[in-house]
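Look at the model first, then follow the questions.

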Amino acid sequence: MKRHMGEPFPNVRTDDAGHDVVRVELAERSYDVLIGDGLLSEVGPLTAEAVSGRRAFVVMDEHLPEHVMHTVLNSLESAGFGTTLTVVHPTEANKTLDTVDRLLHEIAETAHERRDPVIALGGGIVGDIAGFAGAVYRRGVPVIQCPTTLLSMVDASVGGKTGANLMSRTGLRKNLVGAFWQPSLVLADTGVLESLPERHLRSGLAECLKHALIAGSTPLALDPADAMFRWTNEILLKVRMGDAELLRRLVSRSVALKAAVVAGDEREEAPSSEGGRAILNLGHTFAHAIETIPHLSPDGRSESSPLHHGEAVALGLVCAGACAVHLGLLDEESLRRIRVAVERLGLESHLIGLPPDEELIDRMRHDKKVLSGRLRLVLPTAIGEAVVVEDPVRESIFAGWKAIRAGR
Ligand SMILES: NC(=O)c1ccc[n+]([C@@H]2O[C@H](COP(=O)([O-])OP(=O)(O)OC[C@H]3O[C@@H](n4cnc5c(N)ncnc54)[C@H](O)[C@@H]3O)[C@@H](O)[C@H]2O)c1
């Protein structure tokens, strides 16, 4: 059944406290994602409802304001939890098995039992490594995700992908190790985004834009397919200016979309013809190639390198659009709309210093999404619709790169 943008999303409800609640339906692994301002002050009672253990191991992002730490620890302790806190320096270079190993040793030093939760309090890096530690400690303990960046609220904290990078001779192999381990609860306190630097806010908005660009091809089946794109475009500037209510609604809708996709294909196993969870990778294979090149930066200045994940995704959306145009799947006007939307986010749609096409294709092949040596690209076919394309011709991929290549 097709659904209009004005209708409430079918998997979002409002609880008595006024928070939006999105249910991720995965049979016995189902859980709620709560979205609202001030939720972290309720982390204690909400965690107590979700898990039976009473010892919480909290993994916190180093850059969070101190009051956030106090709020979380006070709430947990008032609800009867014994707490242990550890702090993580969140960089991709530190998102490694060494850091996971450190966390596991620290968890083991507390009297942490099977039912006690690991609480991930931070952006996607903290969420991924704390989630992975939770997935493997005693073969899995409950994990509560408390995302504190926009990107981790709308993407990383929902869906159960956890993991770490591997450092190899050729450089960083992103998210090469990991586990599917669904959280028991996700608390997205949008108030905590107040301290998030603007660059990271824009990075998260890129994932929201990606969601808008696939909304018609997901189980939500929005009609018309570009409805979420138009709405997102309409509110973007206000969100960037600090409209907290619109930001909350954007998070809810984005989470609802991701939850619906994950519920339909938890482990990304659907065949390419059906899309499934792979559809969330729109722009990501291009993005993957550029975010592993350490010297690239959005403005060509070395101080701003490397690219952030969302910045790379935004560029990847333009590449995917141009590749689709070359293949005859998308019209030029839609590609123009994608580029304009990226620029409205305050993100670059061109990049200085890209290496030659051959090197970029090679890097694309290192992406986890490669299957039997075949590249699987998610490409737009209209605004709001996308398909999985296996091994498109090289010329079309080159056309994708050409669309973002700027002179030195
Ligand atoms: N598991 C998944 O499904 C999934 C999906 C998408 C991305 N990811 C992963 O997520 C990571 C990117 O996540 P991210 O964009 O959240 O980056 P991040 O975790 O690096 O956080 C960005 C920066 O913001 C800081 N920060 C976090 N919250 C803050 C706050 N409230 N106030 C001030 N500063 C704050 C962090 O310290 C960090 O410096 C990547 O490693 C990516 O691979 C995972």
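Q: Which classes of residue make up the shell around the ligand?
A: By class, the shell has nine nonpolar, 13 polar and eight charged residues. Ala, Val, Leu, Ile, Met, Phe, Trp, Tyr, Cys and Pro count as nonpolar, Asp, Glu, Lys and Arg as charged, and the others, Gly among them, as polar. This is a predicted model: local features need pLDDT of at least 70, side-chain atom pairs count only at pLDDT 80 or more, and totals for chains, interfaces and linings use all residues. Residues are numbered from 1 along each chain as its sequence is written.

Q: How many residues surround the ligand, and which are the closest?
A: A residue is near a molecule if its C-beta atom, placed from the backbone, lies within 6 Å of it. Here 30 residues surround the ligand. The closest are His63, Gly123, Gly124, Thr149 and Ala156. H4, helix H5 (150-156), strand S9 (171-180) and helix H6 (198-214) each give two or more residues to this shell. Helices (H or I, at least four residues) and strands (E, at least two) are DSSP runs, numbered from the N terminus.

Q: Where does the ligand lie relative to the domains?
A: Domain bounds come from an automatic or database domain assignment. Domain 1 (37-195) and domain 2 (198-406) both give residues to the shell, so the ligand lies between them.

Q: How far apart are the domain centres?
A: The C-alpha centres of domain 1 and domain 2 lie 26 Å apart. The contact takes 19 residues from domain 1 and 24 residues from domain 2. Two residues are in contact if their C-beta atoms, placed from the backbone, lie within 7 Å. On the domain 1 side, S9 gives the largest share, seven residues.

Q: How do H3 and H4 pack?
A: Two packed helices are described by the angle between their axes and the distance between the axes. Axes are lines fitted to C-alpha atoms, for helices over the stretch in contact, and angles run from 0 to 180 degrees between N-to-C directions. Helix H3 (residues 97-109) and helix H4 (residues 124-136) pack at about 50°, with axes 9 Å apart. H3 and H4 are therefore oblique to each other. Angles under 35 degrees count as roughly parallel, over 145 as roughly antiparallel, 65 to 115 as roughly perpendicular and the rest as oblique.

Q: Which residues make the contact of H3 and H4?
A: Thr99, Val100, Leu103, Leu104 and Ile107 come from H3, and Ile129, Ala130, Phe132 and Ala133 from H4. Eight are nonpolar, one is polar and none is charged.
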